[in-house]
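Here's a quick walk through a two-chain model, written for someone who would rather look at the structure than at a table. Keep the view open while you read.

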Amino acid sequence: MKSLLFTGGRVIDPANGLDAGADVLVVDGRISAVGNGLAAPEGDVERVDARGLVVCPGLIDLHVHLREPGQTAKETIASGTQAAARGGFTSIVCMPNTSPSIDNPGTVVLIQEVARTQGVVNVLVSGAISKNIAGEELAPIGSLKKAGIVAITDDGHCIQNNELMRRALEYAQMFDLPVMDHCQDYSLVTDGIMHEGYWSTALGLRGWPAAGEEMIVARNILLAELTGGRVHCQHLSAAGSVRLIREAKKRGVPISGEACPHHFVLTDAAVAGSEKFWAADGQGVVGLPPGQPKPAWPCYDTNFKMNPPLRSAADREAILEGLTDGTIEILASDHAPHCSYEKEVEFDYAPFGITGLETELALSLMQLYHSKRLGLADIIAKFTVNPARLLRLKKGTLSVGADADITLIDPDREWTFSRAVSASKSWNSPFMGWPLKGRAVATYVGGKNVWAV
Amino acid sequence: MGNGTLRQKIPNQETPMSWNRKHLIDIESLTADEITTVLDTARAFKAVGERAIKKVPALRGKTVVNLFIEPSTRTRISFELSEQRLSADIINFTAEASSLKKGETLKDTARNLEALNADFIVIRHSASGAPAFLSRVLNASVINAGDGAHEHPTQALLDAFTIREHKGTIAGQKVTILGDILYSRVARSDIWALTKLGASVTLCGPTTLVPKEFEKMGCRITHNVEEAIRDADVINLLRIQHERQRKSMFPGLGEYTSLFGLNQARLKLTKPDAMIMHPGPINRGVEIDSEIADSKRSVILEQVTNGLAVRMAVLFLVNGGKGPQEITG
């Protein structure tokens, strides 16, 4: 295997506290050395000029719907991993709400096999908490662990039965698996389809109150304390959730949270169309090129329908504050592809979810780095070492001996997201056509280049 | 919601052009001038409706599809008769008879209808935003006949027309809308129309059905019915839907009636010339005392009559008509 020498880049490796100009040497698909003025070894060495770029551990997204098996009109492992590579991701965790769901070891093995032969990045599998993601009885979590899962979750659904959630947290500790929860109290949310507030009132769309998420976050904190099990709250959208987790972490409760870019870029006003969004809440979006027309979209655009929904400007600000002060340690996409014909329907009937792998890094850099809230190392940590720690992965680092999963980032690169540059099978993104700032320009998995601009 | 496609403007128009929309999706995006144009045009059509021969050729050769995905009686009949009086060809399409039950999407259904060269789609749908969605995927003009809890623009226009006919003007009128506001598309369209024309609107009903968010639409909210009706020039009662009870929105119809129903005792608190309105269908003895519904104070049946003129005006205007000056009969 060809060796690689990345020269002249700014190496950011939060796991080792490194942020400095350095070279990175890769031999046999592993990190061989990191330092200044590294000499190329004998033999076949490719030099990569990384001047002006950030060299960092390959990014990890622990919240991706790959839709295979069973929903391959939306996405496949092949297309989803291509999209991941374009977004700078070298490892992704696929969610278990496939058909069949990942509640049995056979499906885990199937995904691993397809990923090995057709995928271009590492695919890590999460298993279901409950059989058939029905929230009624535990899935065979031990057998799933033996097959190789890295976490359990009923994502897309939320276990309503507190006793079942408690037992899942206790049981998962035998396997050191985190329990990742999509926090949604069904009795409070009922059939809500967008954030409950002024815009849901004006648009006549059924409201999904923020308390419906916060209530389950509070439940999870209490159960984490009761059991000692690790709970990870997925795609936080509400200010109260951030406040609860901040307070619980201070007390040492084993709880963590993730945020998705759409929840800290957009607000519920976006469902009323771009004119209303830019007028009401547009000032909270950082990094768009000045002097250019703002992105435009109509009202009731179903690419702005996801679960949890876009929330108020105050919630958006709270998520950004939670990311800034470290309450939220992990960035994720909740990449949820859907076919155009599924989304081109009445807002009520459209499925929840948007794609995100390819826009996630840019939007995070815009809202956190270009806004001067956080430095690059803090943002990269939320994409690398932090998810790796939660999932107990020996990844997300440039330590000598680690897999040579490497992403090269140009934080200032201006580009436009479009169908033409997307590798996903689906186009259900609210950011289609947006000018963005910051981009992964090359992605390496195990020392192999899988994407370059 | 700002998506009414504008027709190409014709330069050097002599009469002031205050209508150049291809669709009628909502009241929120209309200007006061546009609303007034509809009302003025409707007045001309109301005069046509009082003649021996009530039909005009304005839509001769045009095809209108009444696409009613949600059941409706009075709005569908009113649109149908308006279209007949404008000499349009009409296709009536209801969800029960359609392919929608076989899994066809709304977009495909509508595009099939358009392939039959339909010029206008009048749509009633239980999903908010369905007319706005259709207006983006079709070339035909789309008229919203009520979408979910979003808007019912022609109802608001006929309400405004009726108020103006009785009171002479809408500006300065105190209008109270009483009942289930949360789920009401009529309430939302009325709020936009009446506030744009200068009325002050008060909403009243149980706290569960009148959330605070409505204040941001420019209304005053009270949960005290006596206070709500005392100074009102117009009292617009909305139907209380029995099924809301099951969703724990209020304890029961009996309690609703005792707290919010318009009865004789409460009527005595109102101004002697306060108009009583209701978009129908009414629940006698629930939101309104039966005798009040039939009294001289009630304009409920006039609203139905005016609905015809207003819908004729809307069809006429989205067909490219510019205003009442063009209606000669």
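How much area do chain B and chain A bury between them, and what percentage of it is on carbon and sulfur atoms?

## Where the chains meet

Keep in mind that this is a predicted model. Chain B and chain A bury about 1800 Å² between them, with 58% of that on carbon and sulfur atoms. In terms of residues, 24 from chain B are in contact with 20 from chain A.

On the polar side of things, seven residue pairs are in polar contact between chain B and chain A, both partners being at pLDDT 80 or more. On chain B, the elements giving two or more residues to the side that touches chain A are helix 3 (106-115), helix 4 (130-137) and helix 6 (185-196). Helix 4 of chain B gives the largest share, four residues. Sort the residues on this side of chain B by type and you get 10 nonpolar, seven polar and seven charged.

## Salt bridges

Side chains of opposite charge can pair when their charged atoms come close. Between chain B and chain A there are two salt bridges.

Over all chains, the structure holds 37 salt bridges. Among them is the one between A:Glu342 and A:Lys74, where the closest N and O atoms are 3.0 Å apart. That pair ties together distant parts of the chain, 268 residues apart: A:Glu342 sits in helix 12 (residues 340-343) of chain A, and A:Lys74 in the loop between strand 6 and helix 1 of chain A.

## The sheet in chain A

Chain A has an open sheet of eight strands, with parallel pairing, in the order 6-7-8-9-10-13-14-15. Strand 6 (59-64) and strand 15 (330-331) of chain A are at the edges with a single partner strand each, so one side of each has no neighbour in the sheet. Helix 1 (residues 77-87) of chain A packs on this sheet, touching strand 6, strand 7 and strand 8, and its direction makes about 135° with that of strand 7 of chain A.

Strand 7 (residues 89-94) and strand 8 (residues 122-127) of chain A run parallel and are joined by four bridges.

Strand 8 (residues 234-237) and strand 9 of chain B pair in the parallel sense over three bridges. Here B:Asn236 has B:Met277 in strand 9 of chain B as its bridge partner.

Two cis peptide bonds deserve a look. From A:Glu68 to A:Pro69 the bond is cis, with omega near 10°, and A:Pro69 is in the loop between strand 6 and helix 1 of chain A. The bond from B:Gly280 to B:Pro281 is also cis, with omega near -5°; B:Pro281 lies in the loop between strand 9 and helix 10 (290-293) of chain B.

Finally, A:Asp176 is a residue other than glycine with a positive phi, near 50°. You'll find A:Asp176 in the loop between helix 4 and strand 10 of chain A.

Technical notes
Residues are numbered from 1 along each chain as its sequence is written. Chains are lettered from A and ligands numbered from 1 in the order in which they are written. This is a predicted model: local features need pLDDT of at least 70, side-chain atom pairs count only at pLDDT 80 or more; totals for chains, interfaces and linings use all residues. Side-chain values use heavy atoms; hydrogens and water are left out. Two strands pair if DSSP finds at least two bridges between them. Contact means heavy atoms within 4.5 Å. Axes are lines fitted to C-alpha atoms, for helices over the stretch in contact, and angles run from 0 to 180 degrees between N-to-C directions. Buried area is the accessible area (1.4 Å probe) that two parts lose on being put together, summed over both. A salt bridge is a side-chain nitrogen of Lys or Arg within 4 Å of a carboxyl oxygen of Asp or Glu. A polar contact is a pair of N or O atoms within 3.5 Å; within protein, one must be able to donate a hydrogen and the other to accept it, and residues adjacent in sequence count only if both atoms are side-chain atoms. Ala, Val, Leu, Ile, Met, Phe, Trp, Tyr, Cys and Pro count as nonpolar, Asp, Glu, Lys and Arg as charged, and the others, Gly among them, as polar.
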